[in-house]
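Please look through the sequence and the model below before reading the report.

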2 protein chains.
Amino acid sequence: MPATGMDAKTLCLGVLVMGDATGYEIRKMFEEGPFAHFQDVGYGSIYPALAKLADEGLVSVIEVPENSHSDKRDKKTYRITEAGQRAFNAALAKLPAPDKIRSDTTFLMFFAEFMDPAHLRAVYDDYLAYYRDRAEFLKTLDPEGVPEGRLFVRGMGLAFYEAVADYIAENRSRLIGEEADAAD
Amino acid sequence: MPATGMDAKTLCLGVLVMGDATGYEIRKMFEEGPFAHFQDVGYGSIYPALAKLADEGLVSVIEVPENSHSDKRDKKTYRITEAGQRAFNAALAKLPAPDKIRSDTTFLMFFAEFMDPAHLRAVYDDYLAYYRDRAEFLKTLDPEGVPEGRLFVRGMGLAFYEAVADYIAENRSRLIGEEADAAD
DNA sequence: TTTATAATATATCAAGCCGATATATTAAAT
DNA sequence: ATTTAATATATCGGCTTGATATATTATAAA
(Lines give C-alpha, C1' and ligand atoms only; values in the text may rest on other atoms or scores of the structure.)
Protein backbone atom coordinates (compact mmCIF):
# COMPACT_ATOMS: atom_id res chain seq x y z
CA MET A 1 0.00 0.00 0.00
CA PRO A 2 2.35 2.77 -1.18
CA ALA A 3 1.67 6.45 -0.61
CA THR A 4 -0.24 7.78 -3.59
CA GLY A 5 -0.89 11.38 -4.48
CA MET A 6 -4.47 12.58 -4.60
CA ASP A 7 -5.20 13.51 -8.18
CA ALA A 8 -7.84 15.91 -9.45
CA LYS A 9 -10.25 13.05 -10.05
CA THR A 10 -10.17 11.94 -6.42
CA LEU A 11 -10.53 15.52 -5.19
CA CYS A 12 -13.63 15.97 -7.36
CA LEU A 13 -15.12 12.71 -6.08
CA GLY A 14 -14.55 13.93 -2.54
CA VAL A 15 -16.62 17.02 -3.18
CA LEU A 16 -19.33 15.02 -4.92
CA VAL A 17 -19.81 12.54 -2.07
CA MET A 18 -21.12 15.53 -0.12
CA GLY A 19 -23.67 16.39 -2.82
CA ASP A 20 -24.17 17.19 -6.49
CA ALA A 21 -22.15 20.09 -7.89
CA THR A 22 -21.07 21.87 -11.05
CA GLY A 23 -17.42 22.28 -12.00
CA TYR A 24 -17.63 25.87 -10.87
CA GLU A 25 -18.99 24.88 -7.46
CA ILE A 26 -16.27 22.28 -7.05
CA ARG A 27 -13.66 24.95 -7.69
CA LYS A 28 -15.20 27.18 -5.02
CA MET A 29 -14.78 24.45 -2.42
CA PHE A 30 -11.02 24.72 -2.94
CA GLU A 31 -10.91 28.46 -3.41
CA GLU A 32 -12.91 29.62 -0.41
CA GLY A 33 -14.74 26.56 0.88
CA PRO A 34 -13.88 23.83 3.38
CA PHE A 35 -10.76 22.61 1.51
CA ALA A 36 -9.29 26.05 0.92
CA HIS A 37 -6.51 25.85 3.51
CA PHE A 38 -4.99 22.48 2.63
CA GLN A 39 -5.77 21.61 -0.99
CA ASP A 40 -6.01 23.41 -4.30
CA VAL A 41 -7.18 22.48 -7.76
CA GLY A 42 -8.05 24.76 -10.67
CA TYR A 43 -10.40 24.68 -13.64
CA GLY A 44 -7.60 23.40 -15.83
CA SER A 45 -7.65 20.19 -13.79
CA ILE A 46 -11.31 20.01 -12.77
CA TYR A 47 -13.03 19.99 -16.18
CA PRO A 48 -10.76 17.35 -17.74
CA ALA A 49 -11.09 15.29 -14.53
CA LEU A 50 -14.89 15.44 -14.65
CA ALA A 51 -14.84 14.38 -18.30
CA LYS A 52 -12.66 11.38 -17.46
CA LEU A 53 -14.82 10.46 -14.46
CA ALA A 54 -17.92 10.55 -16.68
CA ASP A 55 -16.14 8.38 -19.26
CA GLU A 56 -15.34 5.81 -16.57
CA GLY A 57 -18.87 5.84 -15.20
CA LEU A 58 -17.81 7.22 -11.82
CA VAL A 59 -20.04 10.27 -12.15
CA SER A 60 -23.19 11.03 -14.10
CA VAL A 61 -24.05 14.34 -15.69
CA ILE A 62 -27.50 15.72 -14.94
CA GLU A 63 -29.17 18.67 -16.56
CA VAL A 64 -31.05 20.53 -13.84
CA PRO A 65 -33.66 23.01 -15.16
CA GLU A 66 -33.29 25.52 -12.35
CA ASN A 67 -35.43 28.20 -13.88
CA SER A 68 -38.70 27.68 -15.71
CA HIS A 69 -37.82 29.08 -19.12
CA SER A 70 -34.78 26.93 -19.90
CA ASP A 71 -34.22 27.19 -23.63
CA LYS A 72 -30.80 25.68 -23.72
CA ARG A 73 -28.12 26.07 -21.10
CA ASP A 74 -24.82 24.19 -20.94
CA LYS A 75 -24.77 24.12 -17.14
CA LYS A 76 -23.82 20.59 -16.08
CA THR A 77 -24.40 19.26 -12.60
CA TYR A 78 -22.37 16.18 -11.67
CA ARG A 79 -23.51 13.35 -9.40
CA ILE A 80 -21.37 10.53 -8.04
CA THR A 81 -22.40 6.98 -9.04
CA GLU A 82 -22.16 3.82 -6.96
CA ALA A 83 -18.98 2.89 -8.84
CA GLY A 84 -17.69 6.36 -8.00
CA GLN A 85 -18.45 5.80 -4.32
CA ARG A 86 -16.46 2.57 -4.40
CA ALA A 87 -13.56 4.28 -6.17
CA PHE A 88 -13.53 7.02 -3.55
CA ASN A 89 -13.60 4.52 -0.68
CA ALA A 90 -10.63 2.77 -2.30
CA ALA A 91 -8.77 6.11 -2.37
CA LEU A 92 -9.57 6.63 1.33
CA ALA A 93 -8.02 3.23 2.11
CA LYS A 94 -4.60 4.20 0.74
CA LEU A 95 -1.72 5.76 2.64
CA PRO A 96 -1.60 9.50 1.89
CA ALA A 97 1.52 11.19 0.54
CA PRO A 98 3.41 13.47 2.98
CA ASP A 99 2.32 17.08 3.31
CA LYS A 100 3.85 19.55 0.92
CA ILE A 101 4.27 23.23 1.73
CA ARG A 102 5.31 25.85 -0.78
CA SER A 103 6.07 29.23 0.78
CA ASP A 104 7.70 31.71 -1.57
CA THR A 105 7.49 34.32 1.21
CA THR A 106 9.60 32.15 3.48
CA PHE A 107 12.11 31.67 0.68
CA LEU A 108 12.37 35.45 0.39
CA MET A 109 12.78 35.94 4.13
CA PHE A 110 15.54 33.35 4.14
CA PHE A 111 17.51 35.88 2.08
CA ALA A 112 16.46 38.86 4.21
CA GLU A 113 20.04 40.17 4.35
CA PHE A 114 19.98 40.75 0.58
CA MET A 115 16.59 42.48 0.49
CA ASP A 116 15.67 46.13 0.44
CA PRO A 117 14.54 46.91 4.03
CA ALA A 118 11.36 48.72 2.93
CA HIS A 119 10.35 45.82 0.72
CA LEU A 120 11.14 43.32 3.44
CA ARG A 121 8.88 45.24 5.82
CA ALA A 122 6.07 45.27 3.25
CA VAL A 123 6.41 41.52 2.66
CA TYR A 124 6.45 40.93 6.41
CA ASP A 125 3.33 43.04 6.99
CA ASP A 126 1.40 41.32 4.20
CA TYR A 127 2.38 37.92 5.48
CA LEU A 128 1.30 38.60 9.06
CA ALA A 129 -2.00 40.15 7.90
CA TYR A 130 -2.67 37.15 5.66
CA TYR A 131 -2.20 34.62 8.46
CA ARG A 132 -4.23 36.68 10.95
CA ASP A 133 -7.02 36.98 8.36
CA ARG A 134 -7.12 33.27 7.69
CA ALA A 135 -7.29 32.49 11.41
CA GLU A 136 -10.10 35.01 11.96
CA PHE A 137 -12.06 33.55 9.07
CA LEU A 138 -11.89 30.01 10.44
CA LYS A 139 -13.13 31.31 13.79
CA THR A 140 -16.28 32.75 12.22
CA LEU A 141 -17.44 29.36 10.89
CA ASP A 142 -20.44 27.75 12.59
CA PRO A 143 -19.63 24.28 13.99
CA GLU A 144 -23.33 23.35 14.19
CA GLY A 145 -24.02 19.93 12.66
CA VAL A 146 -20.54 19.55 11.17
CA PRO A 147 -19.09 16.00 11.46
CA GLU A 148 -16.18 15.51 13.86
CA GLY A 149 -13.66 14.77 11.10
CA ARG A 150 -14.31 18.13 9.53
CA LEU A 151 -14.17 19.96 12.85
CA PHE A 152 -10.85 18.26 13.56
CA VAL A 153 -9.49 19.49 10.25
CA ARG A 154 -10.88 22.99 10.77
CA GLY A 155 -9.32 23.15 14.22
CA MET A 156 -5.99 22.04 12.84
CA GLY A 157 -6.09 24.80 10.27
CA LEU A 158 -6.83 27.32 12.99
CA ALA A 159 -4.01 26.02 15.19
CA PHE A 160 -1.65 26.30 12.23
CA TYR A 161 -2.61 29.84 11.22
CA GLU A 162 -2.54 31.13 14.79
CA ALA A 163 0.80 29.54 15.64
CA VAL A 164 2.48 30.94 12.55
CA ALA A 165 0.88 34.39 13.00
CA ASP A 166 1.99 34.51 16.62
CA TYR A 167 5.51 33.48 15.69
CA ILE A 168 5.73 36.11 12.99
CA ALA A 169 4.45 38.83 15.32
CA GLU A 170 6.74 37.86 18.20
CA ASN A 171 9.90 37.65 16.11
CA ARG A 172 9.54 40.82 14.08
CA SER A 173 12.71 42.38 15.41
CA ARG A 174 14.81 39.39 14.44
CA LEU A 175 13.86 39.81 10.81
CA ILE A 176 13.31 43.53 10.40
CA GLY A 177 15.80 44.98 12.81
CA GLU A 178 15.28 47.68 15.37
CA GLU A 179 15.27 50.91 13.37
CA ALA A 180 13.02 53.63 14.72
CA ASP A 181 9.72 53.19 12.89
CA ALA A 182 8.84 56.84 12.66
CA ALA A 183 8.09 56.97 8.95
CA ASP A 184 5.15 55.14 7.42
CA MET B 1 4.49 44.53 -9.02
CA PRO B 2 2.23 41.49 -9.18
CA ALA B 3 2.79 38.38 -7.11
CA THR B 4 4.96 36.01 -9.10
CA GLY B 5 5.63 32.37 -8.42
CA MET B 6 9.19 31.28 -7.78
CA ASP B 7 10.27 29.02 -10.60
CA ALA B 8 13.00 26.39 -10.57
CA LYS B 9 15.49 28.85 -12.03
CA THR B 10 15.06 31.30 -9.14
CA LEU B 11 15.26 28.51 -6.59
CA CYS B 12 18.54 27.33 -8.10
CA LEU B 13 19.94 30.85 -8.08
CA GLY B 14 19.01 31.10 -4.41
CA VAL B 15 21.11 28.07 -3.58
CA LEU B 16 24.00 29.29 -5.72
CA VAL B 17 24.25 32.71 -4.03
CA MET B 18 25.31 30.74 -0.95
CA GLY B 19 28.06 28.97 -2.84
CA ASP B 20 28.93 26.80 -5.84
CA ALA B 21 27.03 23.56 -6.16
CA THR B 22 26.25 20.65 -8.44
CA GLY B 23 22.70 19.81 -9.49
CA TYR B 24 22.76 16.95 -7.03
CA GLU B 25 23.78 19.23 -4.17
CA ILE B 26 21.06 21.71 -5.07
CA ARG B 27 18.51 18.93 -4.87
CA LYS B 28 19.75 17.95 -1.40
CA MET B 29 19.08 21.47 -0.14
CA PHE B 30 15.40 20.93 -0.86
CA GLU B 31 15.28 17.29 0.18
CA GLU B 32 16.95 17.45 3.57
CA GLY B 33 18.67 20.82 3.73
CA PRO B 34 17.62 24.31 4.84
CA PHE B 35 14.72 24.60 2.35
CA ALA B 36 13.28 21.17 3.04
CA HIS B 37 10.25 22.31 5.03
CA PHE B 38 8.88 25.02 2.76
CA GLN B 39 10.00 24.42 -0.81
CA ASP B 40 10.55 21.47 -3.10
CA VAL B 41 12.09 21.00 -6.51
CA GLY B 42 13.23 17.80 -8.18
CA TYR B 43 15.87 16.78 -10.72
CA GLY B 44 13.31 17.03 -13.48
CA SER B 45 13.20 20.78 -12.86
CA ILE B 46 16.74 21.42 -11.67
CA TYR B 47 18.76 20.16 -14.63
CA PRO B 48 16.68 21.91 -17.31
CA ALA B 49 16.73 25.07 -15.14
CA LEU B 50 20.52 24.98 -14.85
CA ALA B 51 20.83 24.51 -18.61
CA LYS B 52 18.62 27.54 -19.23
CA LEU B 53 20.49 29.62 -16.64
CA ALA B 54 23.78 28.74 -18.35
CA ASP B 55 22.27 29.67 -21.73
CA GLU B 56 21.26 33.05 -20.37
CA GLY B 57 24.63 33.66 -18.77
CA LEU B 58 23.25 33.71 -15.24
CA VAL B 59 25.46 30.84 -14.12
CA SER B 60 28.77 29.45 -15.32
CA VAL B 61 29.77 25.81 -15.38
CA ILE B 62 33.10 24.93 -13.85
CA GLU B 63 34.91 21.65 -14.02
CA VAL B 64 36.55 21.10 -10.64
CA PRO B 65 39.17 18.34 -10.62
CA GLU B 66 38.56 17.16 -7.05
CA ASN B 67 40.80 14.14 -7.17
CA SER B 68 44.23 13.98 -8.72
CA HIS B 69 43.70 11.29 -11.36
CA SER B 70 40.76 12.85 -13.17
CA ASP B 71 40.53 11.11 -16.53
CA LYS B 72 37.15 12.41 -17.52
CA ARG B 73 34.19 13.02 -15.24
CA ASP B 74 30.96 14.74 -16.22
CA LYS B 75 30.49 16.29 -12.79
CA LYS B 76 29.49 19.90 -13.30
CA THR B 77 29.73 22.51 -10.60
CA TYR B 78 27.68 25.65 -11.13
CA ARG B 79 28.62 29.17 -10.07
CA ILE B 80 26.39 32.24 -10.14
CA THR B 81 27.55 35.12 -12.36
CA GLU B 82 27.14 38.85 -11.75
CA ALA B 83 24.18 38.88 -14.12
CA GLY B 84 22.76 35.99 -12.11
CA GLN B 85 23.18 37.98 -8.89
CA ARG B 86 21.25 40.86 -10.43
CA ALA B 87 18.51 38.51 -11.64
CA PHE B 88 18.20 37.02 -8.16
CA ASN B 89 18.03 40.45 -6.54
CA ALA B 90 15.24 41.34 -8.96
CA ALA B 91 13.36 38.20 -7.89
CA LEU B 92 13.79 39.21 -4.23
CA ALA B 93 12.23 42.60 -5.01
CA LYS B 94 8.94 41.09 -6.19
CA LEU B 95 5.87 40.34 -4.10
CA PRO B 96 5.77 36.61 -3.32
CA ALA B 97 2.78 34.44 -4.18
CA PRO B 98 0.63 33.27 -1.23
CA ASP B 99 1.62 30.10 0.59
CA LYS B 100 0.28 26.85 -0.76
CA ILE B 101 -0.29 23.80 1.38
CA ARG B 102 -1.14 20.37 0.04
CA SER B 103 -2.12 17.89 2.73
CA ASP B 104 -3.57 14.67 1.40
CA THR B 105 -3.68 13.38 4.97
CA THR B 106 -5.96 16.23 6.01
CA PHE B 107 -8.17 15.52 3.00
CA LEU B 108 -8.48 11.93 4.22
CA MET B 109 -9.27 12.96 7.79
CA PHE B 110 -11.96 15.28 6.51
CA PHE B 111 -13.78 12.12 5.44
CA ALA B 112 -13.00 10.23 8.67
CA GLU B 113 -16.59 9.02 8.95
CA PHE B 114 -16.21 6.99 5.74
CA MET B 115 -12.86 5.44 6.67
CA ASP B 116 -12.02 2.08 8.16
CA PRO B 117 -11.24 2.80 11.86
CA ALA B 118 -8.03 0.76 11.87
CA HIS B 119 -6.74 2.56 8.80
CA LEU B 120 -7.73 5.93 10.24
CA ARG B 121 -5.76 5.13 13.38
CA ALA B 122 -2.72 4.13 11.29
CA VAL B 123 -2.90 7.34 9.26
CA TYR B 124 -3.28 9.36 12.46
CA ASP B 125 -0.27 7.70 14.12
CA ASP B 126 1.95 8.21 11.06
CA TYR B 127 0.94 11.84 10.79
CA LEU B 128 1.66 12.66 14.44
CA ALA B 129 4.99 10.83 14.28
CA TYR B 130 5.95 12.70 11.14
CA TYR B 131 5.29 16.12 12.64
CA ARG B 132 7.04 15.26 15.92
CA ASP B 133 10.04 14.02 13.92
CA ARG B 134 10.27 17.17 11.87
CA ALA B 135 10.11 19.36 14.97
CA GLU B 136 12.80 17.31 16.72
CA PHE B 137 15.05 17.55 13.67
CA LEU B 138 14.81 21.34 13.53
CA LYS B 139 15.72 21.49 17.22
CA THR B 140 18.96 19.61 16.61
CA LEU B 141 20.32 22.21 14.19
CA ASP B 142 23.16 24.41 15.37
CA PRO B 143 22.31 28.14 15.23
CA GLU B 144 25.99 29.12 15.37
CA GLY B 145 26.87 31.69 12.73
CA VAL B 146 23.56 31.42 10.88
CA PRO B 147 22.17 34.77 9.62
CA GLU B 148 19.07 36.11 11.33
CA GLY B 149 16.82 35.66 8.29
CA ARG B 150 17.55 31.96 8.24
CA LEU B 151 17.06 31.58 11.97
CA PHE B 152 13.72 33.35 11.66
CA VAL B 153 12.65 30.89 8.97
CA ARG B 154 13.90 27.92 10.95
CA GLY B 155 12.03 29.11 14.05
CA MET B 156 8.86 29.52 12.02
CA GLY B 157 9.15 25.95 10.76
CA LEU B 158 9.60 24.74 14.32
CA ALA B 159 6.62 26.74 15.55
CA PHE B 160 4.54 25.27 12.74
CA TYR B 161 5.52 21.64 13.29
CA GLU B 162 5.10 21.86 17.05
CA ALA B 163 1.72 23.59 16.90
CA VAL B 164 0.31 21.04 14.48
CA ALA B 165 1.80 18.09 16.39
CA ASP B 166 0.34 19.38 19.65
CA TYR B 167 -3.06 19.90 18.08
CA ILE B 168 -3.07 16.40 16.60
CA ALA B 169 -2.07 14.85 19.93
CA GLU B 170 -4.59 16.84 21.98
CA ASN B 171 -7.54 16.15 19.69
CA ARG B 172 -7.05 12.46 19.11
CA SER B 173 -10.36 11.47 20.65
CA ARG B 174 -12.31 13.79 18.39
CA LEU B 175 -11.04 11.99 15.31
CA ILE B 176 -10.52 8.43 16.48
CA GLY B 177 -13.27 7.97 19.04
CA GLU B 178 -13.03 6.56 22.52
CA GLU B 179 -12.89 2.79 21.99
CA ALA B 180 -10.87 0.86 24.55
CA ASP B 181 -7.40 0.55 23.03
CA ALA B 182 -6.58 -2.87 24.40
CA ALA B 183 -5.41 -4.48 21.19
CA ASP B 184 -2.34 -3.30 19.35
C1' DT C 1 39.37 -9.72 -0.77
C1' DT C 2 35.52 -9.66 -3.11
C1' DT C 3 30.93 -8.48 -3.07
C1' DA C 4 27.02 -5.91 -2.09
C1' DT C 5 24.98 -1.78 -0.74
C1' DA C 6 24.54 3.06 -0.26
C1' DA C 7 25.71 7.56 -1.82
C1' DT C 8 26.99 10.63 -5.48
C1' DA C 9 25.87 12.49 -9.95
C1' DT C 10 23.51 13.59 -14.52
C1' DA C 11 19.73 13.29 -17.42
C1' DT C 12 15.21 12.36 -19.70
C1' DC C 13 10.21 11.49 -20.30
C1' DA C 14 5.21 10.89 -20.00
C1' DA C 15 1.55 12.37 -17.42
C1' DG C 16 -0.48 15.70 -15.20
C1' DC C 17 -1.02 20.23 -13.15
C1' DC C 18 -1.01 25.56 -13.09
C1' DG C 19 -2.16 30.10 -14.48
C1' DA C 20 -3.89 32.61 -17.85
C1' DT C 21 -7.14 33.35 -21.11
C1' DA C 22 -11.50 33.27 -23.92
C1' DT C 23 -16.35 33.24 -23.92
C1' DA C 24 -21.11 33.80 -22.44
C1' DT C 25 -24.88 34.35 -19.32
C1' DT C 26 -27.17 36.07 -15.24
C1' DA C 27 -27.55 38.86 -11.07
C1' DA C 28 -26.59 43.04 -8.57
C1' DA C 29 -25.31 47.62 -8.06
C1' DT C 30 -24.75 52.31 -9.68
C1' DA D 1 -29.79 52.02 -18.43
C1' DT D 2 -25.36 50.77 -17.81
C1' DT D 3 -21.65 48.90 -15.58
C1' DT D 4 -19.74 45.61 -12.58
C1' DA D 5 -19.58 41.30 -10.26
C1' DA D 6 -20.77 36.52 -10.05
C1' DT D 7 -21.82 32.26 -12.35
C1' DA D 8 -20.35 28.81 -15.62
C1' DT D 9 -17.63 25.96 -19.12
C1' DA D 10 -13.58 25.10 -21.53
C1' DT D 11 -8.79 25.08 -23.53
C1' DC D 12 -3.76 25.68 -24.01
C1' DG D 13 1.26 26.37 -23.44
C1' DG D 14 4.65 25.99 -20.15
C1' DC D 15 6.17 23.90 -16.26
C1' DT D 16 6.53 20.52 -12.56
C1' DT D 17 6.22 15.86 -10.73
C1' DG D 18 7.62 11.28 -10.12
C1' DA D 19 9.64 7.64 -12.13
C1' DT D 20 13.20 5.70 -14.48
C1' DA D 21 17.87 4.83 -16.67
C1' DT D 22 22.70 5.01 -16.19
C1' DA D 23 27.29 5.28 -14.21
C1' DT D 24 30.69 6.11 -10.78
C1' DT D 25 32.60 6.20 -6.14
C1' DA D 26 32.64 5.21 -1.29
C1' DT D 27 31.37 2.31 2.47
C1' DA D 28 30.06 -1.88 4.75
C1' DA D 29 29.60 -6.77 4.92
C1' DA D 30 30.73 -11.49 3.64
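## A strand pair between the chains

Strand β3(A) is joined to strand β3 (residues 100-102) of chain B by three bridges, and the two strands run antiparallel; strands count as paired if DSSP finds at least two bridges between them. In this pair, A:Lys100 stands opposite B:Arg102 in β3(B). Helices (H or I, at least four residues) and strands (E, at least two) are DSSP runs, numbered from the N terminus.

This is a predicted model, in which local features need pLDDT of at least 70 and side-chain atom pairs count only at pLDDT 80 or more, while totals for chains, interfaces and linings use all residues. Residues are numbered from 1 along each chain as its sequence is written, and chains are lettered from A and ligands numbered from 1 in the order in which they are written.

## The fold of chain A

Chain A has eight helices and three strands, which follow the pattern α-α-α-β-β-α-β-α-α-α-α when read along the sequence. Of the 184 residues in chain A, 33% are buried, where a buried residue has 20 or more other C-beta atoms within 10 Å of its own, an exposed one has 12 or fewer, a partly exposed one lies in between, and C-beta atoms are placed from the backbone.

## The contact between chains A and B

In the contact between the two chains, 51 residues of chain A meet 51 residues of chain B; residues are in contact if their C-beta atoms, placed from the backbone, lie within 7 Å. On the side of chain A that touches chain B, at least two residues each come from α4 (82-92), β3 (100-102), α5 (104-110), α6 (117-140), α7 (148-170) and α8 (172-176) of chain A, and α7(A) gives the most, with 13 residues. This side divides into 29 nonpolar, twelve polar and ten charged residues, where Ala, Val, Leu, Ile, Met, Phe, Trp, Tyr, Cys and Pro count as nonpolar, Asp, Glu, Lys and Arg as charged, and the others, Gly among them, as polar.

## How the two copies are related

The same surface serves both copies, since 100% of the contact residues of chain A recur in chain B.

Helix α1 (residues 8-16) of chain A is largely enclosed by the rest of the structure, because eight of its nine residues are buried. These buried residues pack against α2, α3, β1 (59-62), β2 (77-80) and α4 of chain A together with α5 (104-110) of chain B. One of the buried residues of α1(A) is A:Cys12, which touches A:Ile26, A:Ile46, A:Ala49, A:Leu50 and A:Leu53, not counting residues up to four places away in sequence.

## The surfaces near the DNA

DNA strand D is surrounded by 20 residues, of which the closest are A:Thr22, A:Gly23, A:Tyr24, A:Gly44 and B:Gly44; a residue is near a strand if its C-beta atom, placed from the backbone, lies within 6 Å of it. DNA strand C is also surrounded by 20 residues, and here the closest are A:Asp7, A:Gly44, B:Thr22, B:Gly23 and B:Gly44.
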